[in-house]
Amino acid sequence: MSSPHHLERKALLSDHDSELADNRAIADRPETLLAEYFLSSDEDFETLPARMMTGVSLSTYSHIEESQTRMEAWSAILAGAFAVKIAMGRTGEIPSYIASVRELGHGVPMIPLDPFTGNELTLLRDERGLVLYSVGTDGQDDGGLTYGEHPDERSLEYDDLRAIIALDSVDR
């Protein structure tokens, strides 16, 4: 969990999926616990309590990691929205992409990367205004659409995390 990037943490957790499933079976099924208790070697017997605990608790770590990354994304989006507003105030122009805001340098706060991908946050101008967003937990760019927004009946649930910077009617 010490890796700074969501994709790396997710990969590390998935590397242990089979081990976690085995440990989960020990914790969930009494017959598996009894078999481990009576049939394991002395060395395996000593680790039985630890394996039971990891079987119970480690399955929640992926959910905890995902929640942590969502909070990091919200923080990045808010920092980015402030930086965009500052850049708009300094230049009098609406930026087309995040790199143009970064290029202003001095006086504009640093914009963190999207913690779900390690890439820049996405900046999109549409009828909603200026949309700054992270791709969210599914890692797919949904165009800044978020939970509960379906343009048609066949669409999947969207999970982008976003901030919308309202533009004055004159700027549109």
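Which residue forms a salt bridge with Glu66, and how far apart are the closest N and O atoms? I began with this pair, keeping in mind that I am reading a predicted model. I found that the partner is Arg70, with the closest N and O atoms 3.4 Å apart. Both residues lie in helix 5, which I traced over residues 48–91, and they are four residues apart, about one turn of the helix. I then looked up their accessibility: Glu66 is partly exposed at a relative accessible area of 29%, and Arg70 is partly exposed at 21%.

**Entry on the other salt bridges**

I noted three salt bridges in the structure, and went on to the one in which the side chains of Glu120 and Arg102 meet at 3.1 Å, N to O. Since Glu120 sits in the loop between helix 6 (98–102) and strand 1, while Arg102 belongs to helix 6, this pair ties together parts that are 18 residues apart in sequence. I recorded a relative accessible area of 34% for Glu120, which is partly exposed, and of 31% for Arg102, which is also partly exposed.

For the side chains of Asp126 and Arg128, I read a salt bridge of 2.7 Å, N to O. Asp126 counts as partly exposed at 21% relative accessibility, and Arg128 counts as partly exposed at 21%.

I next followed the strands, which form an open sheet of three in the order 1-2-3, with antiparallel pairing. Strand 1 (122–126) and strand 3 (161–165) stand at the edges with a single partner strand each, so one side of each is left without a neighbour in the sheet. From one strand to the next, I noted a twist that averages 25 degrees. Between strand 2, residues 129–134, and strand 3, I found antiparallel pairing over five bridges, and I looked up Ser134 in particular, whose bridge partner in strand 3 is Leu161.

**Entry on the nonpolar patch**

Last, I turned to the surface, where Leu34, Tyr37, Phe38, Leu39 and Phe45 form a nonpolar patch with about 580 Å² of accessible area together.

Definitions and conventions:
Residues are numbered from 1 along each chain as its sequence is written. This is a predicted model: local features need pLDDT of at least 70, side-chain atom pairs count only at pLDDT 80 or more; totals for chains, interfaces and linings use all residues. Side-chain values use heavy atoms; hydrogens and water are left out. Two strands pair if DSSP finds at least two bridges between them. Helices (H or I, at least four residues) and strands (E, at least two) are DSSP runs, numbered from the N terminus. Axes are lines fitted to C-alpha atoms, for helices over the stretch in contact, and angles run from 0 to 180 degrees between N-to-C directions. Patches are made of residues with over 30% relative accessible area and no salt bridge: like charges are joined within 9 Å, nonpolar side chains (Val, Leu, Ile, Met, Phe, Trp, Tyr) within 5 Å. Accessible areas come from the Shrake-Rupley method with a 1.4 Å probe; for residues, only the protein chains shown count as cover. A salt bridge is a side-chain nitrogen of Lys or Arg within 4 Å of a carboxyl oxygen of Asp or Glu. Buried means under 20% relative accessible area, exposed over 50%, partly exposed in between (1.4 Å probe, protein chains only).
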